[in-house]
Amino acid sequence: MDRLQENLSRAIELSRRIIDLGRDEAWDEIDRLDRERLQLLQAVFENRAELAAAGEPCRSQLESILELNEEALDICRQARQTNMDNSRAVKRGLDAITAYHKQIV
């Protein structure tokens, strides 16, 4: 396997790991792996002529990375929404405590 395909294969592995970590809400580890994946993908796209010449195997790997990336983004969106919902609930609770406190003081 040449360097290009090795980088793409490693990026796929990292993408899968990122998804697993997203399900576990291990955000710090995701950030580290995402930086590593970015470096690999930058190396892949440095030589576009080589990438274009590589043909179908690399195209298929890139499509897999895109699909995995969308799945990871969906997990992040869901987590962000959950955090926003939780923040709103906490704010409502604090507002209720403040209103109650004003009534008894």
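The buried residues of α4 pack against α1, α2 and α3. Buried here means under 20% relative accessible area, with exposed over 50% and partly exposed in between (1.4 Å probe, protein chains only). Helices are DSSP runs of H or I with at least four residues, numbered from the N terminus. The model is a predicted one, in which local features need pLDDT of at least 70 and side-chain atom pairs count only at pLDDT 80 or more, while totals for chains, interfaces and linings use all residues. Residues are numbered from 1 along each chain as its sequence is written, and side-chain values use heavy atoms, with hydrogens and water left out.

The expected span of a helix is 1.5 Å times one less than its number of residues. The buried positions of α4 are Cys 58, Gln 61, Leu 62, Ile 65, Leu 68, Ala 72, Ile 75 and Ala 79. The spacing of such positions can be read against helix geometry. An α-helix has 3.6 residues a turn, so residues three or four places apart point the same way.

Gln 61 belongs to helix α4 and counts as buried because its relative accessibility is 12%. Once its neighbours within four places in sequence are set aside, Gln 61 is in contact with Gln 5, Leu 8, Ser 9 and Ile 12; contact means heavy atoms within 4.5 Å. Cys 58 counts as buried, at 1% relative accessibility, whereas Cys 76 counts as partly exposed, at 34%. If a disulfide is a pair of cysteine sulfur atoms within 2.5 Å, the count comes to zero disulfides.

Helix α1 covers residues 3-23, and its 21 residues reach 30 Å from first C-alpha to last, close to the 30 Å expected at 1.5 Å a residue. Its buried residues are Leu 4, Asn 7, Leu 8, Ala 11, Ile 12, Leu 14, Ser 15, Ile 18, Ile 19, Leu 21 and Gly 22. They pack against α2 (27-46), α3 (48-54) and α4 (56-104).

Ser 15 sits in helix α1 and is buried because its relative accessible area is 1%. Apart from neighbours within four places in sequence, Ser 15 is in contact with Arg 37, Ile 65 and Leu 68. Glu 13, also placed in helix α1, counts as partly exposed at 44% relative accessibility. Its C-alpha atom is separated by 9.9 Å from that of Leu 68, although Glu 13 and Leu 68 are 55 residues apart along the chain. Arg 17, another residue that lies in helix α1, is partly exposed, with a relative accessible area of 40%. Between Arg 17 and Leu 33 there are 16 residues in sequence and 8.2 Å in space, C-alpha to C-alpha.

After α1 comes Glu 25, whose phi is positive, near 60°. Glu 25 has this positive phi although it is not a glycine. It is found in the loop between α1 and α2, and it counts as exposed, at 55% relative accessibility.

Axes are lines fitted to C-alpha atoms, for helices over the stretch in contact, and angles run from 0 to 180 degrees between N-to-C directions. Angles under 35 degrees count as roughly parallel, over 145 as roughly antiparallel, 65 to 115 as roughly perpendicular and the rest as oblique. α1 passes α2 in a left-handed crossing, meaning that the near helix is turned anticlockwise from the far one by less than a right angle (clockwise would be right-handed). Among the residues that meet are Leu 4, Leu 8, Ala 11, Ser 15 and Ile 18 in α1 and Ile 30, Leu 33, Arg 37, Leu 40 and Val 44 in α2.

The axes of α2 and α4 come within 14 Å and cross at roughly 155°, and these two helices are therefore roughly antiparallel to each other. Their crossing is left-handed. The contact is made by Trp 27, Arg 37, Leu 41 and Phe 45 of α2 and by Leu 62, Ile 65, Asn 69, Cys 76 and Ala 79 of α4.
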